[in-house]
Amino acid sequence: MPLPPTIHSAVSPDAIRRASRLFSGDSRDYLHEMFQNARRAGATCIAVDLTEQDGRYLLHIRDDGCGIDDPAALLMLGHSGWGDDIARSEDPAGMGMFSLAGRAVEIQSFSPSAAAAWKVQIPAHAWESGAPLAIAPAVIGWGTLISIELPLDWNQGLSAAVADAARHYPLPVTLNDALLPREDFLKDAMFVENACGCRIGVYDRDPDWPGDQRINFHGHRVKCALPTVREEKDNGSLWTVRIDIMDAPEGRVRQRGVNSGVASGLHFQAALGVICSG
């Protein structure tokens, strides 16, 4: 075979079949992804319902956001479809919907440009097969409703997972019509500094935070090792920080954590917070 005169970037069809491997398959993965999509769509609240129909457990996530304008964008790997402001501040990768890969899903949404509601059913096998999926009319008047068929063993712990996803999320979330509790990620901070689109909370102890999740991105907590400073005078107190990312173009957070460049910037911001508290 002769060598080609030029080469160019391309996406292999195999990437679509393997996209689901980017996610753990845990319920928290798709809860965070669906919650983030609702927030970006301008939703003011999210309603989550767990139902059972003929022995099938279903999770329904409904938001009152702007809706999904183009159904084709749903399964277009790497195409986020968000506006310039979201792209600047968050740089979405356009892969979040594939956190549902391998699940039977029905999506209903309203298209503002078409002034019509639509729905699509995605069988579990269709995520990798590339088979065409029919778009049908729907009756939803606004926003988006995603219904997911769940494995039997997930039903028992799912309520706790939804409550955990809502805990530091900026919008109110209901579960089966009950409003879930929320709290400030920087609760009990001795001092809060606003810098570089982040809120930096300073604490006079080294708390035992689960999984060292020191960073919050609109409800999605991320593990990152941030500085701890020991005070040389007085009683040698430990000073440490948490960071609540609000609007930070340089603080883009990924599902698997914070990359080294971002972490370095956050280290600086964290140190700044500790210094300012003194």
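Is strand E14 (residues 238-245) mostly covered or mostly uncovered? Strand E14 is mostly covered, for seven of its eight residues are buried, buried being under 20% relative accessible area, exposed over 50% and partly exposed in between (1.4 Å probe, protein chains only). Helices (H or I, at least four residues) and strands (E, at least two) are DSSP runs, numbered from the N terminus. This is a predicted model, in which local features need pLDDT of at least 70, side-chain atom pairs count only at pLDDT 80 or more, and totals for chains, interfaces and linings use all residues. Residues are numbered from 1 along each chain as its sequence is written, and side-chain values use heavy atoms, with hydrogens and water left out.

Two strands pair if DSSP finds at least two bridges between them. Strand E10 (residues 198-203) pairs with E14 in the antiparallel sense over six bridges, and Cys198 stands opposite Ile245 in E14. With strand E11 (residues 215-217), E14 pairs in the parallel sense over three bridges; there Ile215 has Ile243 as its bridge partner.

A nonpolar core is a set of buried Ala, Val, Leu, Ile, Met, Phe, Trp, Tyr and Cys residues joined through side-chain atoms within 4.5 Å. The largest one has 37 residues, and Leu31, Phe35, Leu59, Leu100, Ile107, Ile148 and Leu158 touch the most other members. A second, separate core of 13 residues includes Val202, Val222, Leu226 and Ile243.

Ala116, in strand E4 (residues 116-122), is partly exposed, with a relative accessible area of 33%. Beyond its neighbours within four places in sequence, Ala116 is in contact (heavy atoms within 4.5 Å) with Ser109, Phe110 and Ser111.
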